[in-house]
Amino acid sequence: MSGDSDCTRTSPSAGSPSDNEFLPDRPKYVCSLSPDLITKAREELQEKPEWRLRDVQALRDMVCKDYPSLGTCLDDAFLLRFLRARKFDYDRALQLLVNYHTCRRSWPEVFNNLKPSAIKPVLESGFVTVLPRLDPEGRHVVCIRPDRWTPSNYPITENIRAIYLTLEKLIQSEETQVNGIVILADYKGVSLSKASHFGPFVAKKVIGILQDGFPIRIKAVNIINEPRIFKGIFAIIKPFLKEKIANRFFLHGCDLSSLHQNIPPVILPEEYGGTSGKLDISAWNELLLASEEDFLHDFSQLVLPCDSSPHDMLVSGDADEKQCDDSLRGMKPQLYYCY
């Protein structure tokens, strides 16, 4: 189902209770949130169940009016992700949707042939996984371990592809859309040579996706076992972080008791002083790999039109890349100093 055809068939009146009747081939949205999460969404995200489909239709109409060639999926459930991520602010949700597509189209090394089977070596390495238990706030914990990556095996973009697919899988859940996620990054054993792969150009791209180009709420980023060199890494990242996100970074060093103040031991594996057994990456890997057909179907709806060049997109061109390369040269002495 292409974005163009969806736009030409969108019902004319936003807010009409029978909007979906005009679109028999579009999946009908059924809310899966518990009563408690419906209340939480109302209080934190300004989501009103009685207005939900009206809000979705309003965003759909804006897409069709302002970006008729965007080539996006316009299903209720898909658009809801963007509304929730921007607290039902129509304009901000629209910009997030546009940025989502721009990020995908402006970094082919990451987004071409994006499917779980293509990043199987990364999954098997244990670079990224999701802990099996939710935290007390109902949030998934995404565990990232850069020390599991061997640069000679594959480029850093493969790691980014694995993280992106992990987030795509998580955001399919309405619970995650409301509760957000927590990141646990273990920098044990990260060397200077490995850190040098994460320069300003890559940093800007990744931060741009996580902050402005993906409909997920990152509620906390817990860094553990960070070496001295992380000061240099964070110096590269921080200029691209919004203040709200920067304030959600917590550097724990080797202090597990500090980590446990943010993530309780009961959901952590033994490697991080937890009581939930050894870290097992197999369950998440199997779940993600089993979702191959779902991803192929979902991504097939995100079509790049031949003549599409939507305005106001966040496109990083050659000038940005050159500027970031120049910044990297300036950062390298700092990385060596920290190391």
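## Angles and axes

Angles between axes get simple names: under 35 degrees counts as roughly parallel, over 145 as roughly antiparallel, 65 to 115 as roughly perpendicular, and the rest as oblique. The axes are lines fitted to C-alpha atoms, for helices over the stretch in contact, with angles from 0 to 180 degrees between N-to-C directions.

What you're looking at is a predicted model, where local features need pLDDT of at least 70, side-chain atom pairs count only at pLDDT 80 or more, and totals for chains, interfaces and linings use all residues. Residues are numbered from 1 along each chain as its sequence is written, and side-chain values use heavy atoms, leaving out hydrogens and water.

## Two crossing helices

Helices (H or I, at least four residues) and strands (E, at least two) are DSSP runs, numbered from the N terminus. Take helix α3 (residues 52–66) and helix α4 (residues 76–85): their axes come within 9 Å and cross at roughly 90 degrees. That's why α3 and α4 are roughly perpendicular to each other.

Contact here means heavy atoms within 4.5 Å. On the α3 side you'll find R52, L53, D55, V56, L59 and R60, and α4 brings D76, L79, L80, L83 and R84.

## The sheet

Now for the strands, which pair if DSSP finds at least two bridges between them. There's an open sheet of 5 strands, in the order β1-β2-β3-β4-β5, with mixed pairing. At the edges sit β1 (128–130) and β5 (249–253), each pairing on one side only. From one strand to the next, the twist averages 20 degrees.

β1 pairs with β2 (residues 140–144) in the antiparallel sense, over 3 bridges. V130 has V142 in β2 as its bridge partner.
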